[in-house]
Amino acid sequence: MTRWMRHRLFLPVVSLVALILVNAIARPRFVQITVRDGELYGALIDILRNSAPLMLVALGMTVVIATRGIDLSVGAVMAVSGAVALTIIDGSSDPGNVGTVLVAIVVSVLVALVLGAWNGFLVAVLEIQPIIATLVLMLAGRGVALLITDGFITTVTSPPLKYVASGHLLGLPFALFISVAAIALIALMERRTALGVLTEAVGINPEASRLTGVRSRGIILGAYVVSGTFAGVAGVIYSSNIMAADANAAGELIELYAILAVVLGGTSLTGGKFSIAGTVIGVLIIQTLQSTILFLGVSSAESPVFFAFVVILVVLIQSPRVYQVARRMTGGRRHHPAPEVTTGVEVTS
Amino acid sequence: MHTSTGDDQRFVVEMSAITIRFPGVLALDGVDLRLRPGEVHALLGENGAGKSTLIKALTGVYAIDEGTIVVAGEHRVFGSAADAQSAGISTVYQEINLCPNLSVGENVMLGHESRTVRGIDWRATHRAAAEHLASLGVTIDTQSMLGSHSIAVQQLVAISRAMVLDARVLILDEPTSSLDREEVDRLFAVVRGLRDRGVAILFVTHFLDQVYEISDRITVLRNGRLVGEYPAAELSRGDLVTKMIGRVLDDLEAISASAERSVDRSVTPVLRAESIGRRGVLDPADIDVYRGEVVGIAGLLGSGRTELVRLLYGADRADTGTVEINGERTKVTNPRRAIERRIAFSSENRRSEGIIADLTVGENIVLGIQARRGWLRRVRRAERDAVVAEYMSALGVRPADPDRIAGELSGGNQQKVLLARWLATAPELIILDEPTRGIDVGAKADIQAKVAELAEQGLSVIFISSELEEVLRLAQRVVVMRDRRKIGVLESATVDVDGVIDFMATHDMAAQGAAPAGPDGARSEGSVA
Amino acid sequence: MSQSTMAIGRRERVSEHARTFVSRHASMMPTFAALLIFVLLLIGAQIHFGEFVTPRTLSALLLDNAYLVILAVGMTMVIVTGGIDLSVGSVMAFTGISCAALLDAGYPAVLVVPGIVVAGGLIGLLVGVLVQYFDVQPFIASLAGLFLGRGLAFVVSLKSIRVEDDAVLWLQTTRYRFGDWYITPTGILALVVALLGAFVMQYTRFGRTIYAVGGNEQSARLMGLAVARTKVLVYVISGLCGGLAGLVLTAYSGAGYPRNGIGTELDVIAAVVIGGTLLTGGTGYILGSVIGVLVYGTIKTVISYMGAEQSWTRIIVGLMLLSFIVVQRVIVVRAERRR
């Protein structure tokens with residue numbers, strides 16, 4: 001029992017389950033799933049479908065954070081990839097053609113991959129702090145997206161594109177399959193190969209890893225490429241959802257929600273040990289919370305207030321200080337600061 | 001147990017029966033420490049003996065569970081470093097606790113600047129800082145950035161700062177571990193000056209020579225308990241070591257045979273580097289290592305010893321010279337190249353360049369193999385467990401739990417884990433830079449014995465250590481370095497510690513006297529052997 | 001002969017002085033570079049447009065960017081401690097819309113103005129307490145501040161609210177003229193905040209502690225400095241600056257709008273970095289950040305002169321940020337090599 005409680009996914013899972021339970025009690029329809037024309041519908045299904053862009057971005061972010069980095073540019077990359085895809089479809093003679101849409105998607109995701117590689121180059125090769133390196137693209141990216149769409153919101157009518165976000169496959173939303181494929185891909189790459197442990201090694205101690213012969217540069221560069229590529233796919237899903245390329249609104253604040261999802265899932269922002277399952281749960285918590293807020297009749301514009309409290313709650317739960325205070329209040333003995341690991345000194349105590 | 005002779009003297013600090021518990025550990029168990037004004041008092045013990053904890057208890061970093069601290073006749077409980085400082089207790093830490101981004105003068109005066117209604121008076125502040133520095137015999141531009149000065153100067157700046165705080169007690173926590181001989185002399189001159197002014201100095205170090213050079217009294221701790229307090233003049237070196245480790249150390253004697261073993265140098269060397277160097281870092285130097293040979297590098301910190309091996313390993317890029325590995329010309333431009341050529345390198349900075357603190361011991365050990373194979377070919381579980389178990393028992397890693405987080409191990413055991421990581425990759429040549437620094441005597445002996453054993457089995461080793469005894473005990477040949485260049489090679493069977501020191505000194509004079517002809521190092525190569 | 005040796009001696013002395021100056025003030029070099037870029041930018045624009053460096057444009061530069069200057073002051077302090085404050089844009093939006101809403105509801109400006117500035121400070125206090133006492137990374141703690149500010153802004157109003165209060169509008173409409181030059185009370189406010197900030201950073205113990213914390217927090221603590229108080233206080237100051245910027249922006253646009261300042265934190269961070277502050281902490285100057293803001297503002301003006309898309313502003317600022325950090329990186333690498 002206590003071993004379960006100490007597992008690092010314990011709190012995230014409990015929070016998600018609690019959130020779903022509260023919703024189910026408050027509105028039984030929340031857990032109802034109806035079948036229409038062989039396709040499943042319901043609030044839970046919506047959560048799974050709508051979470052696809054955030055899921056992709058958060059998975060990429062997890063890998064980047066594990067290398068001790070951060071990718072602030074994901075929202076801008078989404079905007080660019082959406083703009084590229086829609087501009088190609090809009091410019092083609094047959095926007096409804098599956099081939100056209102496929103070409104548009106492949107090109108836009110490739111563009112996103114290149115943008116990710118650019119971030120990776122700045123961080124891994126030029127060794128610029130990740131926050132600033134990705135800030136460059138975060139600032140410039142939306143500008144580029146606006147230039148691609150000529151400053152307008154490009155809209156198209158294209159059934160194949162609409163299918164990406166709104167279509168169904170085997171009764172389930174197609175976007176869900178994209179999410180699951182991304183999760184599976186990342187999990188296989190990181191945990192079935194040695195990439196995961198090497199990524200953690202680089203994130204915990206880059207110099208020691210280099211001297212041990214780990215290809216740190218390649219690993220860091222790869223992380224940003226993954227993040228960029230996934231953000232590109234997320235950008236396509238987003239544009240498919242609204243059937244438009246909106247350079248300003250696409251992926252707005254998504255970098256912050258993605259970071260929040262990673263942190264909710266128990267991965268530390270200081271890099272190193274990471275949890276893919278944790279991130280998946282973190283994304284679902286955020287999406288369920290969004291749904292709850294909407295249900296409460298709160299305007300979605302006001303929802304950031306809730307997230308502010310979520311962030312505060314989460315960091316308080318994770319803070320050692322709170323445990324100390326709690327222990328003292330429950331009659332525990334006076335505390336000691338743990339022997340601190342000072343820079344470069346052995347913990348001789 | 002106590003041989004305190006001066007009970008009539010007033011103690012400036014009297015810590016009695018100090019006990020501190022950490023979760024699951026009794027860090028200090030009823031320890032006493034008494035400091036008299038105007039004495040240098042050495043605090044000694046192995047790693048984990050409780051030296052740092054005792055210092056942190058005195059300076060208010062840790063709260064004490066039991067016991068009392070009396071400073072100048074008053075019972076005190078310090079809540080922070082600032083509290084302790086205002087009571088006249090200042091500490092100079094091993095890793096300089098100053099701000100490299102601020103000027104020297106500001107570091108001396110920070111928090112005590114001269115102020116007027118218009119804010120800080122920088123002119124007066126720098127003047128005061130210069131006076132404080134001058135009283136310790138230091139004359140440097142107080143407006144220069146602290147970070148632009150050597151560690152030794154920074155240390156003196158830290159001491160000046162303590163004097164600004166009007167310290168009655170000065171704690172020096174391993175102040176000499178990164179200083180060369182001249183710098184140590186300069187520091188000791190300052191310390192003696194302070195002692196004569198009546199300051200009580202608590203000196204923590206691993207260097208026993210220095211203890212006898214400067215200390216009046218010695219307090220020894222072992223496993224969180226007090227062993228005793230002794231006048232330095234009445235405690236022999238052998239007794240001191242015995243008290244520190246609690247057993248007589250004869251393991252080390254057995255190792256000394258290593259140096260006398262003969263090595264076949266008629267064959268192609270495993271590694272031969274010719275005039276390898278880097279501008280501003282290392283003058284071009286030659287070095288070769290044969291199969292089964294231990295080549296020691298003797299030299300002070302900053303002599304270029306670390307720089308040389310980093311160039312050999314490709315950790316830094318060489319801009320001159322050639323390298324042959326097993327007779328084949330090759331370029332080692334990065335660590336991966338070196339590893340492919342079966343060279344391994346264990347850095348002197350265990351924490352920042354060696355151990356991956358948050359990974360387990362097992363993961364740390366297989367990391368070397370894994371990095372060699374690349375990310376696509378994962379080391380399988382069964383293989384991993386076998387390798388980890390083999391090397392953990394061979395090196396005696398404690399605790400013997402591969403799933404323990406590596407950062408929680410003691411320094412000596414972390415060093416063993418690093419050694420295991422490299423040995424698991426089956427290298428032909430292993431470069432060990434200060435593998436025994438800052439670890440306890442027991443682990444030190446284990447590591448030396450292992451190195452000797454491996455060399456006998458055919459592994460080539462380059463061994464760097466600040467302790468010349470250790471180098472001479474292990475190595476067949478010793479490369480001597482000074483001032484960023486190689487000054488010669490000695491056969492260790494023919495010299496002793498004094499001989500090596502003499503060689504450094506005489507060469508220095510020769511270099512000053514005679515006009516240099518041709519590249520250094522090449523001239524005196526093998527001349528003594 | 002003797003003359004030439006003297007000349008050499010003097011030249012050596014000059015170069016000696018120069019070297020001492022450079023070694024003492026190495027940390028100021030990026031700020032000088034920013035100043036140089038600002039001047040070059042003005043010269044280039046003058047040559048290109050024929051009429052750019054006029055009292056009118058330069059006066060407008062301060063007027064248009066007064067809120068950014070104020071935000072940059074707080075941000076510089078936070079960044080020098082080694083932290084970051086993402087909340088400034090949304091704090092500005094929240095205080096701005098609150099200002100408009102409260103005035104609209106009939107509260108007097110003498111109560112509203114201090115009220116909103118304090119409200120900004122309270123959000124800063126929350127961020128600071130999270131950072132200092134709960135060991136939350138500044139990025140995450142100020143992210144909570146960002147969400148909170150933005151959400152509260154929408155709670156106050158979903159739409160923009162016009163400001164009719166004379167006192168607040170006075171801040172913007174009053175122009176003190178000196179020939180063709182003019183300055184508004186908002187501009188004066190920005191300059192006063194900047195000068196005050198620069199004084200605090202350079203001539204008070206609190207300011208020096210900010211640098212010490214950024215240089216090495218552990219050391220600062222062991223040196224007995226008031227680290228905890230300082231770290232909380234910089235976020236409070238940044239919050240107060242956010243509140244003040246909200247007032248200035250509301251006066252400037254004559255209305256409060258809850259979507260104001262989305263992404264402004266990035267503009268401010270970019271300006272601060274361009275002005276020579278290192279994001280790693282320990283190095284930076286308020287006046288440098290002011291120059292950074294002016295560079296940013298000039299680029300914006302130049303782009304509108306050229307009639308190009310405003311989206312170019314961020315692209316160019318992004319590229320400029322890039323070239324700055326690359327240059328800073330090169331300097332750092334070279335310094336490391338020399339050691």
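B:Glu106 and C:Arg208 form a salt bridge in which the closest N and O atoms lie 2.4 Å apart (a side-chain nitrogen of Lys or Arg within 4 Å of a carboxyl oxygen of Asp or Glu). The structure is a predicted model, in which local features need pLDDT of at least 70 and side-chain atom pairs count only at pLDDT 80 or more, whereas totals for chains, interfaces and linings use all residues. Residues are numbered from 1 along each chain as its sequence is written, chains are lettered from A and ligands numbered from 1 in the order in which they are written, and side-chain values use heavy atoms, with hydrogens and water left out.

Two salt bridges are found across the interface of chain B and chain C. The chains meet through 30 residues of chain B and 24 residues of chain C, contact being defined as heavy atoms within 4.5 Å. Together they bury about 2,300 Å², of which 52% is on carbon and sulfur atoms (accessible area, 1.4 Å probe, lost on putting two parts together and summed over both). Within chain B, the most area is lost to chain C by B:Asn97, B:Asn101 and B:Ile120, together 19% of what that side buries.

In chain A, the axes of helix H4 (residues 52-66) and helix H14 (residues 276-295) come within 10 Å and cross at roughly 145 degrees; axes are lines fitted to C-alpha atoms over the stretch in contact, with angles running from 0 to 180 degrees between N-to-C directions. Helices are DSSP runs (H or I) of at least four residues, numbered from the N terminus. Residues of H4(A), including A:Leu54 and A:Met55, meet residues of H14(A), among them A:Val280 and A:Val283.

Methods. Helices (H or I, at least four residues) and strands (E, at least two) are DSSP runs, numbered from the N terminus.
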